[in-house]
Amino acid sequence: MKTDKDALESEVQEPVCTEARAAGWHQRRLKWANRVGAPDDLFIKDGRVVFIEFKRPSGGRRKGIQKKEARLINEHGGEAYFCETVEEGRRILGLPGAHG
């Protein structure tokens with residue numbers, strides 16, 4: 001049986017996005033023109049603007065440019081996170097079933 005640590009990036013990303021939409025989040029997969037290192041997905045609900053960069057639990061590296069982009073988003077009032085597990089995604093977005 002696969003654990004979160006064995007999951008591919010998409011196996012974390014897809015359930016989080018599906019659950020977020022079901023919980024009323026506006027979610028979009030992002031493609032950035034002429035921009036390297038920008039987060040994968042945008043989530044908006046109740047005044048929160050959240051960007052999530054999904055990573056594979058085992059071996060998903062956070063590149064320097066991705067860290068810089070996340071820092072810039074946070075400095076300008078958005079919320080940017082790196083997410084390596086479905087549970088972590090649930091916690092970030094306050095989804096049902098999140099622990100901790």
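Reply: Buried means under 20% relative accessible area, exposed over 50%, and partly exposed in between (1.4 Å probe, protein chains only). This is a predicted model, in which local features need pLDDT of at least 70 and side-chain atom pairs count only at pLDDT 80 or more, while totals for chains, interfaces and linings use all residues. Residues are numbered from 1 along each chain as its sequence is written, and side-chain values use heavy atoms, with hydrogens and water left out.

Me: Does Glu14 count as buried, partly exposed or exposed?
Reply: Glu14 forms a salt bridge (a side-chain nitrogen of Lys or Arg within 4 Å of a carboxyl oxygen of Asp or Glu) with Arg29. Because its relative accessibility is 37%, Glu14 counts as partly exposed.

Me: Which residue in strand E2 forms a pair with Arg29 in strand E1?
Reply: Strands (E, at least two residues) and helices (H or I, at least four) are DSSP runs, numbered from the N terminus. The closest N and O atoms of the salt bridge to Arg29 are 3.1 Å apart. The pair joins positions 12 residues apart, and the partner in strand E2 (residues 41–45) is Asp41.

Me: At roughly what angle do the axes of helix H1 and helix H3 cross?
Reply: Axes are lines fitted to C-alpha atoms, for helices over the stretch in contact, and angles run from 0 to 180 degrees between N-to-C directions. The axes of H1 (residues 9–22) and H3 (residues 86–93) come within 9 Å, and they cross at roughly 35°.
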